[in-house]
Amino acid sequence: MKATELRKMTSAELTSKLKELKGELFNLRFQNAINQLDNPHKITEVKHDIARVMTVLREKNAE
């Protein structure tokens, strides 16, 4: 996910996207704990996406 795509979204959409990504991260961590995760790099990707969403949300709230 690119930051330019996120900047086009509204604050409400970003908040729901953040909630969705946090749920996905929880599931990935759970799968990793029971050794069912095929691609462990996916956890890092989701963490970066969460950080991007939070950054864009802060930018929108600062305006």
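Does Lys-17 count as buried or exposed? At 18% relative accessibility, Lys-17 counts as buried. Here buried means under 20% relative accessible area, exposed means over 50%, and partly exposed lies in between, with a 1.4 Å probe and protein chains only.

Before I continue, a word on the source. This is a predicted model, in which local features need pLDDT of at least 70 and side-chain atom pairs count only at pLDDT 80 or more, while totals for chains, interfaces and linings use all residues. Residues are numbered from 1 along each chain as its sequence is written, and side-chain values use heavy atoms, with hydrogens and water left out.

Let me turn to the overall fold. The protein chain contains 3 helices and 0 strands, and its pattern along the sequence is α-α-α. Helices (H or I, at least four residues) and strands (E, at least two) are DSSP runs, numbered from the N terminus. The C-alpha trace spans about 45 × 15 × 15 Å along its principal axes. Of the 63 residues in the chain, 24% are buried. The accessible surface comes to about 4700 Å², and carbon and sulfur atoms account for 51% of this area; such areas come from the Shrake-Rupley method with a 1.4 Å probe, and for residues only the protein chains shown count as cover.

Contacts are the next topic. A contact means heavy atoms within 4.5 Å. If we take the contacts between residues at least 6 apart in sequence, 66% of them join residues at least 24 apart.

I now come to helix H2.

Which residues of H2 are buried? They are Leu-14, Lys-17, Leu-18, Leu-21, Leu-25 and Leu-28. An α-helix has 3.6 residues a turn, so residues three or four places apart point the same way. The buried residues of H2 pack against helix H1 (3-7) and helix H3 (41-62).

Lys-17 is a charged member of that buried set. Leaving aside residues up to four places away in sequence, Lys-17 touches Met-1, Met-9 and Val-53. Lys-17 also forms a salt bridge with Glu-20, with 3.6 Å between the closest N and O atoms. A salt bridge is a side-chain nitrogen of Lys or Arg within 4 Å of a carboxyl oxygen of Asp or Glu. The two residues are 3 apart in helix H2, and are therefore separated by about one helical turn.

How many salt bridges does a search of the whole structure find? The search finds 4. Side chains of opposite charge can pair when their charged atoms come close. One of the bridges joins Glu-59 and Arg-7, at 3.0 Å from N to O. Because Glu-59 lies in helix H3 and Arg-7 in helix H1, this pair ties together parts that are 52 residues apart in sequence. Glu-59 is partly exposed, at a relative accessible area of 33%, and Arg-7 is partly exposed as well, at 41%.

Another bridge is formed by the side chains of Glu-24 and Lys-42, at 3.7 Å from N to O. Glu-24 belongs to helix H2 and Lys-42 to helix H3, so the pair ties together parts that are 18 residues apart in sequence. Glu-24 counts as partly exposed at 27% relative accessibility, and so does Lys-42 at 32%.

As for charge over the whole chain, there are 12 positive and 9 negative side chains, and the centres of the two sets lie 4 Å apart. Lys and Arg count as positive and Asp and Glu as negative, while His and the chain ends are not counted. The place of a charge is taken as NZ of Lys, CZ of Arg, CG of Asp or CD of Glu.

Two further residues complete this presentation. Asn-35 lies in the loop between H2 and H3, and its phi is near 60 degrees, a positive value in a residue other than glycine. At 68% relative accessibility, Asn-35 counts as exposed. Ala-62 is found in helix H3 and counts as exposed, at 68% relative accessibility. From C-alpha to C-alpha, Ala-62 and Ala-51 are 17 Å apart in space, and they are 11 residues apart in sequence.
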